[in-house]
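Please look over the sequence and the model before reading on.

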Amino acid sequence: MMPVRHLMPAMLCSLLAVVWLTSGLAWANEALPVKPEPVQAPAPPNPRGVASAAKPTRKMPLPARTGTVLRLASAPHLPATITGQDGAPMVLVPAGEFTMGSDEGDDDEQPVHRVSLDHFYLDTFEVTNGRFAKFVAAIQSEPPWGFADQETPVVDAERPVRWVNWLEATGYCLWAGKRLPTEAEWEKAARGPEGRVYPWGNEPPTAAHAVFGLKEGDETVAPIGDHPQGRSPYGVQDLAGNLYEWVRDWYDDAFYAAAPTRNPRGPLAGTTKVQRGGSYINSPYRLRSAFRTKGEPTEHDPHVGFRCAQDVPPPP
């Protein structure tokens with residue numbers, strides 16, 4: 001692991017001050033937490049750990065419609081896709097309920113509960129080296145460690161950026177007129193209303209779905225959109241494997257026990273931020289859409305990237 005580098009210069013710090021303030025105001029106006037109603041969730045196929053291990057076989061739910069992209073009939077007045085200010089394509093995740101968590105996963109995935117979210121847009125792909133390089137140049141920031149050779153943003157422009165901490169990911173999204181997705185938004189975008197185990201369905205991943213199960217140090221992070229069979233019900237790609245993704249929320253292993261049922265934004269404070277999706281070194285267990293892990297906001301990690309979300313503008 002590389003040592004933590006100096007934080008971003010004054011411009012990025014100002015952007016982050018804005019998001020901390022607005023987040024605090026939004027949290028202060030939220031309804032008091034309501035204990036979620038437990039519901040049944042699909043069972044995972046593999047145990048926790050970087051390498052797959054034997055585990056008693058559980059009865060799996062019927063396979064979801066693999067590769068099916070939902071029609072957005074629930075939001076006919078909103079475009080199904082837009083282009084963000086940074087030029088990245090985004091897809092609409094329509095308002096509604098979904099099942100969050102898993103009874104067959106780790107303790108921090110419980111209890112399984114129903115969550116209702118408003119409409120939002122999410123980047124179709126993770127933020128790339130090429131796009132992040134424009135942000136670095138625009139605010140005259142220190143580039144990620146992986147940019148040291150000055151070739152990565154050019155030669156690997158379409159690969160997802162990594163070695164980016166939570167603060168830098170947040171800064172990029174603000175610069176692009178967006179924000180990091182909440183943990184609930186990320187999980188809904190991955191699972192859809194069917195409560196899929198993985199973005200593509202309930203069957204275990206293959207090399208056609210995602211990049212996973214590789215050895216530490218392998219330079220095999222795939223370009224964005226390289227595994228279309230792994231897309232989610234809404235058409236979001238690369239949510240499982242390749243790189244973990246930062247989300248907005250502080251991590252709390254007991255948060256689900258008293259989480260708000262509408263537009264949850266996570267705990268008010270904490271020491272680590274949530275990461276989702278699994279990476280190229282992980283087993284299928286960690287690629288599950290309900291799996292949760294965490295990292296310090298200043299941590300730079302070669303297994304972690306991010307994507308941005310955007311609110312739907314209010315009607316005129």
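Is the link of Cys173 and Cys308 left-handed or right-handed about the S-S bond? The account below answers this from a predicted model.

## The disulfide

The structure contains 1 disulfide. Its partners are Cys173 and Cys308, whose sulfur atoms lie 2.2 Å apart. The link between Cys173 and Cys308 is left-handed, with -90 degrees about the S-S bond. Distant parts of the chain are joined in this way: Cys173 belongs to helix 4, while Cys308 sits in the loop between strand 9 (304-305) and strand 10 (309-311), and the two are 135 residues apart.

In general terms, a disulfide is a covalent bond between the sulfur atoms of two cysteines.

## Burial of the two cysteines

Cys173 has a relative accessible area of 0% and is therefore buried. Cys308 likewise counts as buried, because its relative accessibility is 0%. The cut-off that applies to these residues is a relative accessible area under 20%.

## Helix 4 and its ends

Helix 4 spans residues 166-175 and is mostly covered, with 8 of its 10 residues buried.

At the start of helix 4, Asn165 places a side-chain oxygen within 3.0 Å of the backbone nitrogen of Leu167. After helix 4 comes Gly177, which has a positive phi, near 75 degrees.

Notes
Residues numbered from 1 in each chain as written. Predicted model: local features only at pLDDT ≥ 70, side-chain atom pairs only at ≥ 80, totals over all residues. Heavy atoms only, no water. Buried < 20%, exposed > 50% of the residue type's maximum accessible area, 1.4 Å probe, protein only. Helix = DSSP H or I, 4+ residues; strand = E, 2+ residues; numbered from the N terminus. Polar contact = N/O pair within 3.5 Å; in protein donor to acceptor, adjacent residues only side chain to side chain. Disulfide = S-S within 2.5 Å.
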